[in-house]
Each structure stands twice: as C-alpha cells, then as structure tokens.
Amino acid sequence: MSITEIVLKLALIGGDPVLYILLIMSIINFAIIIERFITYKTIEKNLTKFEPLELKISLEKRLGILATFGNNAPFIGLFGTVLGIIKAFHSLSTSTEFGVRVVMAGISEALVATAMGLFVAIPAVIAYNYFVRKAKFLMMVYEESKK
C-alpha cells in the first residue's frame with residue numbers, strides 16, 4: 001500500500017471530525033468571552049486594589065486563546081472542507097450515479113466546515129480586539145489613578 005493510499009483512507013473520513021473540533025472551539029470561545037466580560041467588569045470596579053503586575057496578568061488572561069482561535073479556526077474549517085471534497089469526489093468515483101446533484105450535495109456538505117471555521121473565528125477576533133483595547137484603557141486609567 002502506497003503512502004497516497006494510506007493518506008486517502010484517512011482523508012475519506014471526511015470533515016466530520018473537524019466539525020467536532022470546531023464545535024468544541026466554539027463552546028470554549030464563547031465561554032472565554034463571557035468569563036472575560038464578567039472579569040473585566042469586576043476589575044473595573046476594583047481597579048485600585050490591584051498591584052500593577054497582578055492587574056496586567058488578570059487583564060491579559062486567556063486572550064491568547066481567543067487570538068489562537070481567531071487565527072486558526074478558518075484554516076481548520078478549510079481543512080475540513082478539503083477533506084469533505086476529497087470524500088465527495090471519491091464517492092462520486094465509486095457511485096453508479098453521475099450528475100450535478102451528486103457533486104453539489106457533497107460539496108455543499110464540505111463547505112459547512114468552512115462556515116463553521118468562520119463562525120468560530122469572527123467572534124474570537126472581535127472579542128480579542130475588544131478586550132485588548134479595554135485592557136489598554138484600564139491600564140491607562142490605573143496608571144493615572146496611581147500618580
């Protein structure tokens with residue numbers, strides 16, 4: 001068995017495992033966004049009680065996860081789409097039917113992974129940018145209050 005056949009067998013799994021990964025990423029993403037909103041409100045109310053390093057660490061906590069999801073979710077979705085298209089073409093090659101419906105059904109299923117990747121990435125990027133700006137603002141207010 002050649003390496004191409006081995007990889008093809010793996011690719012024929014399709015985009016379903018990728019969708020599960022993106023679903024888990026989506027849940028984590030929204031949990032972090034909610035947690036950050038609550039934490040930022042709490043920090044804002046008690047801003048002067050923090051030490052500078054403690055404040056910086058609290059404000060930047062978990063923002064790296066949002067940045068990572070925002071940057072990588074579209075690529076993971078695209079990977080799922082490629083796997084789905086490979087599966088669709090393989091199914092087409094082994095099918096007795098041939099027509100536009102067979103091709104389009106497989107491709108439309110494959111594109112769900114790309115949409116899911118964007119569904120994860122867009123809120124992550126928006127939230128990351130919001131929280132970074134809010135953290136800078138809170139650090140500036142903190143520094144002004146300590147003068």
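How much space lies in the largest pocket? In this predicted model, about 280 Å³ lies there, a pocket being an open set of points on a 1 Å grid over the protein atoms alone, where a 1.4 Å probe fits, with protein on both sides within 12 Å along at least five of seven lines. The volume is the space filled by probe spheres set on the points. The model is predicted, so that local features need pLDDT of at least 70 and side-chain atom pairs count only at pLDDT 80 or more, while totals for chains, interfaces and linings use all residues. Residues are numbered from 1 along each chain, and side-chain values use heavy atoms, without hydrogens and water.

The largest pocket is lined by 17 residues (lining: an atom within 4 Å of a point). Gly 84, Lys 87, Gly 106, Glu 109 and Ala 110 are the closest to its centre. At least two lining residues come from each of α2 (16-45), α4 (63-94) and α5 (100-145), helices being DSSP runs of H or I with at least four residues. The largest share, seven residues, belongs to α5.

The largest nonpolar core has 16 residues, of which Tyr 40, Ile 43, Leu 55, Leu 59 and Leu 66 touch the most other members. Such a core joins buried nonpolar residues through side-chain atoms within 4.5 Å, buried meaning under 20% relative accessible area with a 1.4 Å probe. α2, α3 (52-60), α4 and α5 each supply at least two residues of this core, and α5 gives the most, six. Apart from it lies another core of 11 residues, including Ala 11, Val 18, Ala 121 and Ala 124.

Notes. Buried means under 20% relative accessible area, exposed over 50%, partly exposed in between (1.4 Å probe, protein chains only).
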